[in-house]
Amino acid sequence: MKTFCGRANPATGALDWVEESEEYDYHQEIARSCYADMLHDHDRNEKYYQGIRAAVSRVKARGEKVIVLDIGTGTGLLSMMAVTAGADYCYAVEVFKPMADAAFRIVKKNGFSDKIKIINKHSTEVTVGLDGDMQTRANVLVTELFDTELIGEGALPSYEHAHLNLVQAGCEAVPHRATVYAQLVESEQLWSWAQLQPMEVDGHKLLPPPAVSHCAGAHSVCDIQLSQVPPHRFTPLGPLCTMFSVDFSKPVSSAPQSHSSSFPAQSSGRAQVVLSWWDIDMDPSGSIVCSMAPSWTYPDPQSAPWRDHWMQSVYFLPVERRVAEGEELSLTVSHDDYSLWYSLQPDSQQGMLSEAPPCRPCCVCQAHLVWTRTRFGELNDRQRTQSYVRALRSVIKPDSVCVGVSDGSLLPIFAHMLGAKKVFSLENSGMLKQVIEQVLNANSMRGVQILGIRPDQLSSTDLAGEQISVLIGEPYFSTSLLPWHSLYFWYCRTALVRLLTPNATILPCSATLCMVAVEFQDLWRIRAPCGTCEGFDVGPMDEMVQQSLDFRESHEAEPQPLWEYPCRALTQPRAVMTFDFLQCVPEQPIRCQGSLPFTRRGRCHGVALWMEYQLNDDIKVSMGLTRPVSEEGACEWSLHRKQGVYFFRSPWESSGDGRASVSYSFTFEPSIGDIKMDFTVASQ
């Protein structure tokens, strides 16, 4: 069966109707899941196994049969651990049918079908009784329902229902408890992701709108690999606080709650950000602990386990607040059934919280709804802003008529500040149009006209009869997923050709696709087959993931923020394809091919890809590598954009002597605005 799906084409701006298999979404879900990452997480698996053995032993010591309920069983791994530890029977619940089918095959392959029942339901739909899914209530509750925020996958409602309906009173639980920790910090880097900062253009200040500066922002968690934010990037203003714990062996409530921790400020500064993570105790005594703490909290950072399914959380306070060393403060975390948020008060006001718990932050300025956190960081990047201002200064003249094409861009405002005669900004999104208008109003600017239309709709009338002498773009578009999706700027330039002066300046004038073959420190785990996990054969899971990857994903690159995932270059970076924005988009495909020799020893997991934009003859901005690769191959990546990663099906061992190379082939298809790519590795 085939079905037609309407998909926004981020490169051409068109809505394409694509014929897809009816299983397309299912394959995407599996291919992009984190199952492989979890199976490769030895620390997690080992701690669960230890906790399960201990729980089974405690129940047996009471002379009871061990009946296990495993909610969110995934591959069935934890249920197989329980049976191996001596459990009499396991009910393994998995709501995602393809995963439940895989668990059934894995359980059968490992010889546990007589003691493990796979139930393909949401746990809240499971019934107990002679004719039910479970014959009796369980006395051991095993779950893996957590996300980076701990409760974001609905852990609290699931536990609440399980204790009411599926498990015995006084049951054993693995994990036994979870504890959430938080630390108040000042961080220019992290705070730049939350608020638009004042900036300077040619000696003139550009101020953020008051509505944006005073807005509490979006409440959603910012989950990142906090290990990649080094301690010199923030200043602790308080100790690491234990905010609250949840005992999973007792009835759990999903009702909204608040918890506070009081402390004297360790130093003076601006309270801006809360860093948070959690750990889980697998046993009542707390002797088996699985921690999500970032690596820099460990005596030996190299010993910290790596995981991508559970990371760390960054929360932005509703307002920045100056604190003085020694000042008594109270940090409060509030949660509903799915999310957390933080607030800060003087300790003297802490008692008021019981009467009026802090409200969930809510964006009222619209900027936090249309600009992502990394987009805020990009707009606040002073060095980047200076590059664009220098490039604009070299082309803006008193008679310039400028048109800006990028989503929510400040470049048209810069062009006005640099003295352009007329400036127009095309904003197809009504909300983005309003946000940019707020910036203009806050700075009493009347020289930029915001047009809420697409480039192909722009007419000479809209430009008051003028022709475009300078077309500018970052380019940035909110629909872009992969680096080359910003080639939409090229299509916009082509649509506007009839309105350009004969010698119009196009900024940027070209774009270049770059690549480098890399060895990932850890990211390879998300795509690597597992084979055997803690002694259990999970091959059917590997096969299912590979089938879904083969459906399409393994032939495509995927977006990844590589600053969070250290890697080492095994080849030299290379510019492989250039797109000339001074010309219109061609009708025929653009092709290139070549090879890159391996110049460093290592295990090559794939290729990293990014775009670089030539603003003028002298100024280039990179959306990938931000400085030359080091002698050892260390890479430093842009914090603001995701790069493309093409994973090889299996890694290649490089000797670094130049005898082996990565051969590449790229084809840019103008009709669909996409780049097809293929890579092979071979020795000479």
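Guide: A residue is called buried under 20% relative accessible area, exposed over 50% and partly exposed in between, with a 1.4 Å probe and protein chains only. By that rule, Ala464 is exposed, with a relative accessible area of 54%. The model is predicted, so local features need pLDDT of at least 70 and side-chain atom pairs count only at pLDDT 80 or more, whereas totals for chains, interfaces and linings use all residues. Residues are numbered from 1 along each chain as its sequence is written, and side-chain values use heavy atoms, with hydrogens and water left out.

Helices (H or I, at least four residues) and strands (E, at least two) are DSSP runs, numbered from the N terminus. Helix H14 spans residues 488–495 and is mostly covered, with 6 of its 8 residues buried. The buried residues of H14 are Tyr488, Phe489, Trp490, Tyr491, Cys492 and Arg493. What do these residues pack against? Contact means heavy atoms within 4.5 Å. On that basis, the buried residues of H14 pack against strands E20 (401–405), E23 (468–472), E24 (500–507), E30 (574–580), E31 (590–597) and E35 (660–669).

Of these strands, E35 can be followed in some detail. In strand E35, 7 of the 10 residues are buried, so this strand is largely enclosed by the rest of the structure. Two strands pair if DSSP finds at least two bridges between them. Strand E35 pairs with E31 in the antiparallel sense over 8 bridges, and within that pairing Leu596 stands opposite Val662 of E35. Strand E35 also pairs with E36 (residues 674–683), again in the antiparallel sense, here over 10 bridges. Ser665 has Asp678 of E36 as its bridge partner. The hairpin of E35 and E36 has 4 residues between the strands, and in this hairpin Gly673 takes a positive phi near 70°.

Most residues other than glycine have a negative phi, and most peptide bonds are trans. Glu474 and Pro475, however, are joined by a cis peptide bond with omega of about -10°, and Pro475 belongs to the loop between E23 and H14. A further cis bond runs from Leu507 to Pro508, with omega near 5°. Pro508 sits in the loop between E24 and strand E25 (510–520).

Ala464 returns at this point through its backbone. Its phi is near 55°, a positive value in a residue other than glycine, and its place is in the loop between strand E22 (448–451) and E23. Where does a positive phi occur in a buried residue? Leu150, with phi near 80°, is buried at a relative accessible area of 2%, in contrast to the exposed Ala464 at 54%. Leu150 is found in the loop between strand E6 (138–143) and helix H6 (155–165).

Leaving aside neighbours within four places in sequence, Lys422 is in contact with Ser400, Val401, Cys402, Ala464 and Glu466. Lys422 lies in strand E21 (residues 422–426) and is partly exposed, with a relative accessible area of 28%. The contact partners Val401 and Cys402 fall within E20, one of the strands against which H14 packs.

Strand E18 (residues 328–335) pairs with E19 in the antiparallel sense over 7 bridges, and Thr332 stands opposite Ser343 of E19.
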